[in-house]
Amino acid sequence: TATDWAPGATITPSAVTQETVSVVLDKSKRTTFNITGKEQSLGAYDLIQQWGVPAVETILAAVNADIYKEMIASPYVTDATSGLTELKVIAARTALSNRKVQMPGRVISSSPDDIGTLMGLPAFAQANITGRTDIVIDGMITNRYGFSFTENHAIEKYTPADLAGAVNNGPGYVAGDVSMVVNGFNDDANPIRKGDVFTVAGSSLQHTVQSVTASSGDTIGLTFLPALDGTVANSAAITVVATRSMLAFIPAATALAARPYAILPSGVGVQSRVFDYEGFPIRISVYHDGNLGVNVQFDALYGVKNIDTRRIQRILTV
């Protein structure tokens, strides 16, 4: 905080404590395929194109999906479930600016469906309004309202098996509480998960799930943000909203950490190496399948963690 200062007076500086976020490497993905005699006759280029590239893309798609699942834990929400418009994008921009998130580098990552909706909006599509012809010529949105736009196939609408439950606590809860014991959910098929959005009867405030407690596969406890904005009675209905999220953010909002699995020693019947694909380390291991074929495995070890959810604004769509 800036204070008045008389030149020449003693200066006592404020201590600065660097905040850190621990990223746990707790996610592991692999894809394995078998090459038989027919495939072994292919040249190296064909093997890479037909088998290697799809295997790498499978790993990266899984990583991409995990990044999305982490980012949707942000409790900062712009509700566009009644219709995605230019004003919703502007609202997301304003929300980030009000939280003093830097302008350079802002991104909106959307599903193909939401990108398609944006492309049909006048402020995006009409050259006489925007002065841009990128959608008509290139079939893509470049920059609007301070965002660059990317299409993300990991984004989808997630629908828990049971969208309704209730508060399960005799005294109920009060404003400021961020956790509740619940019952009535039968969601073991498609569980309520981190990032899902719900409302409680008597309030329109949308809460974002931060963690879930389950018993026999069904949800019995929720922690969430933002906190309750008023008193909630026992047995008050809880409704989970089936949505997907467009993400408006800066890349510094979330951290991705990865390291390759160790190279296996020679003489164990496996040959392995690590290669760097677009900055992401992936191990490839090749070993005999015990018959006349060869197994090839691609695998990766990584972790994802939000650094600061204030740098992420979700635009909820349906």
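Colleague: Is S285 buried or exposed?

Modeller: S285 counts as buried, because its relative accessibility is 5%. Buried means under 20% relative accessible area, exposed over 50%, partly exposed in between (1.4 Å probe, protein chains only).

Colleague: What kind of model is it?

Modeller: This is a predicted model: local features need pLDDT of at least 70, side-chain atom pairs count only at pLDDT 80 or more, and totals for chains, interfaces and linings use all residues. Numbering starts from 1 along each chain as its sequence is written, and side-chain values use heavy atoms, without hydrogens or water.

Colleague: Where does S285 sit?

Modeller: In strand β15, residues 280–288. Strands are DSSP runs of E, at least two residues; helices are H or I, at least four; both are numbered from the N terminus.

Colleague: And which residues is S285 in contact with?

Modeller: Leaving aside neighbours within four places in sequence, V270, Q271, S272, N295, V296 and Q297. Contact means heavy atoms within 4.5 Å.

Colleague: New topic. How many cavities of 30 Å³ or more?

Modeller: The count is 1. The largest cavity holds about 80 Å³. It is lined by 13 residues, and I72, Y158, R193, D196 and T243 are the closest to its centre. On a 1 Å grid over the protein atoms alone, a cavity is a set of points where a 1.4 Å probe fits but cannot get out; lining residues have an atom within 4 Å of a point. Points join across faces, edges and corners, and the volume is the space filled by probe spheres set on them.

Colleague: How does that lining divide?

Modeller: Into 5 nonpolar, 3 polar and 5 charged residues. Asp, Glu, Lys and Arg count as charged.

Colleague: How many bridges join β2 to β17?

Modeller: 3, and the two strands run parallel. V77 has R314 in β17 as its bridge partner.

Colleague: What about the barrel's order?

Modeller: β6-β7-β10-β9-β8-β11, with antiparallel pairing. Twist averages 45 degrees from one strand to the next. G165 stands opposite I238 in β11.

Methods. 1 Å grid on protein atoms, 1.4 Å probe; cavity = no way out; pocket = protein on both sides within 12 Å on 5 of 7 lines; lining within 4 Å. Pairing = 2+ DSSP bridges. Axes fitted to C-alpha atoms, helices over the stretch in contact; angles between N-to-C directions.
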